[in-house]
Amino acid sequence: MKEYLKEQSARGTIEVGFSWPIISELIQDFDEEHRHSRVRRAEVLKEVCGTNAFCHPTEFHQGPVFSYDGYWFPNIQGSFDIRTVEAVWIKQIGANKQLIPNRSQRNALKNVKHRRRALRQIPQLADLTKADLGLMPLTDKFVKGQYLFRFMVGEISEAEANRELLKIVTDPVLYIVSWFDMAGKTNTFTKEMHSASAAMEEKFVALRLQAERARESIEDMKAIERDMYREKMPLDIIRGHKQIRSKLSKKLEIEQVIKPDADLWQILGHHTYEVFIAYVKERLDPSGMKSRRSDFADILHAAYIPHCDLWRGDSPFANMLIKRSISLSDRIVPKLTDLPNRIEQFREPRIEFNE
């Protein structure tokens, strides 16, 4: 399947893109025993997708969802860019009395003009191996190519420096390697990566609990009716209770409890709201799919269905969406081995039209 997708991608027949939910699957564990398999998966991802990527769900409303630049992450400008690296460097080097014994020279680093002069006189000051950058992940090329030094002395632009700096994110292999290298350590980069998704996950959990409480209220009223029958209550009282339950049930339907105009749906769109409703209904169905650790990632992954022609997802979750008849379910491919046929079926009408 990998070779088929690589071949079709190379021909330009298809464009396959990765996204945040796909990357999140690779960084669930960071102990050393998982390193080889995770890095190998990232390599396959790169072989098939190249730098084709879908933006982070929080960026859907800000522009094109699909790009050729590998930008799958939330907007991290201002928290992980060349100026952040520069600011941390200035703070670290400026406090290094061994490297710069003269206090006035250390203070001079805070001024752009004086800093450029000092760096030209002592270029080894910008040696990133001498500064603790708070565990920011940097590629060997960025460090050895002296991109920070060249930026600070004005040899390269901010945009050029940022492009090289962000390669560690846009390249899946480099990112996964850096994830393992910094396993379990707190830093600006990984904290920012997870904050947006963590906030959405909290909202999902709260909404799911809200729906579950609504359904429990209906079940509680049904239990009261059963007790009323057992106690042989008068039929008119039982009928009155049923009427009350019927009215309350309509108010407590999941779609009424979870409003589609919540902030979450404004970001992710109505289709993801529909996916979530299907998920909640499945969870509340005694014969439905059981909850799993990957549910949140699957829901976010399904947010991309409207933005692609064919969508390949986890089989149990994908089949659940088809069973629940969500919109655009004809784009879903639950079984990996079905991809070639589905791709060919999708292309046939277009080929005939072009001919």
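**Helix packing and the core**

Author: In this predicted model, the buried residues of helix 3 pack against helix 1 (2–11), helix 2 (20–26) and helix 11.

Reader: Which residues of helix 3 are buried?

Author: The buried residues in helix 3 are Arg38, Val39, Ala42, Leu45, Val48 and Cys49.

Reader: How far does helix 3 reach from its first C-alpha to its last?

Author: Helix 3 (residues 35–49) has 15 residues and reaches 21 Å, close to the 21 Å expected at 1.5 Å a residue.

Reader: And what follows helix 3?

Author: Glycine 50 follows helix 3, and the phi of this glycine is positive, near 65°.

Reader: Let us step back. How many helices and strands does the protein chain have?

Author: There are 19 helices and four strands in the protein chain. Of its 355 residues, 42% are buried.

Reader: What share of the contacts joins residues at least 24 apart?

Author: Counting contacts between residues at least 6 apart in sequence, 62% join residues at least 24 apart.

Reader: Turning to the largest nonpolar core, which residues touch the most other members?

Author: That core has 82 residues, and Trp72, Trp89, Phe204, Trp311, Phe317 and Leu321 touch the most other members. Helix 16 gives the most to this core, with eight residues. In soluble globular proteins, nonpolar side chains tend to be buried together.

Reader: Why is helix 16 described as largely enclosed?

Author: Helix 16 is largely enclosed by the rest of the structure because eleven of its 15 residues are buried. Among them are His271, Thr272, Tyr273 and Glu282, as well as Val275, Phe276 and Ile277.

Reader: Now to the aromatic residues. How many aromatic pairs are there?

Author: The count comes to eleven aromatic pairs. In one of them, the ring centres of phenylalanine 66 and tyrosine 68 are 5.3 Å apart and the planes stand at 90°, so this pair is edge-to-face.

Reader: Is phenylalanine 66 buried or partly exposed? And what of tyrosine 68?

Author: Phenylalanine 66 counts as partly exposed at 23% relative accessibility. Tyrosine 68 is also partly exposed, with a relative accessible area of 47%.

Reader: What geometry do tyrosine 279 and phenylalanine 317 have?

Author: Tyrosine 279 and phenylalanine 317 form a tilted aromatic pair, with 6.4 Å centre to centre and 35° between the planes. The pair links distant parts of the chain, since tyrosine 279 is in helix 16 and phenylalanine 317 is in helix 18, 38 residues apart. Tyrosine 279 is buried, with a relative accessible area of 1%, and phenylalanine 317 counts as buried at 1% relative accessibility.

Reader: Which residues form an aromatic cluster?

Author: Trp20, Tyr71, Trp72, Phe73 and Tyr175 form one aromatic cluster.

Reader: What does aspartate 298 touch?

Author: Leaving out residues up to four places away in sequence, aspartate 298 touches Arg292, Asp314 and Phe317. Aspartate 298 lies in helix 17 (residues 295–302) and is buried, with a relative accessible area of 7%.

Reader: And where does aspartate 171 lie?

Author: Aspartate 171 lies in the loop between helix 10 (167–170) and helix 11 (172–181). At 14% relative accessibility, aspartate 171 counts as buried. A polar contact of 2.6 Å joins its side chain to that of lysine 46.

Reader: One last topic, backbone angles. What is the phi of glutamine 146?

Author: Glutamine 146 has a phi near 55°, a positive value in a residue other than glycine. Its place is in the loop between helix 7 (140–144) and helix 8 (147–152), and glutamine 146 is partly exposed, with a relative accessible area of 37%.

Reader: And where is serine 325 found?

Author: Serine 325 is found in the loop between helix 18 (315–323) and strand 4 (332–333). Serine 325 has a positive phi of about 55° although it is not a glycine, and at 54% relative accessibility serine 325 counts as exposed.

Terms used
Residues are numbered from 1 along each chain as its sequence is written. This is a predicted model: local features need pLDDT of at least 70, side-chain atom pairs count only at pLDDT 80 or more; totals for chains, interfaces and linings use all residues. Side-chain values use heavy atoms; hydrogens and water are left out. Helices (H or I, at least four residues) and strands (E, at least two) are DSSP runs, numbered from the N terminus. Buried means under 20% relative accessible area, exposed over 50%, partly exposed in between (1.4 Å probe, protein chains only). Contact means heavy atoms within 4.5 Å. A nonpolar core is a set of buried Ala, Val, Leu, Ile, Met, Phe, Trp, Tyr and Cys residues joined through side-chain atoms within 4.5 Å. A polar contact is a pair of N or O atoms within 3.5 Å; within protein, one must be able to donate a hydrogen and the other to accept it, and residues adjacent in sequence count only if both atoms are side-chain atoms. Rings of Phe, Tyr and Trp (its six-membered ring) pair if their centres lie within 6.5 Å; planes under 30 degrees apart count as stacked, over 60 as edge-to-face and the rest as tilted. The expected span of a helix is 1.5 Å times one less than its number of residues.
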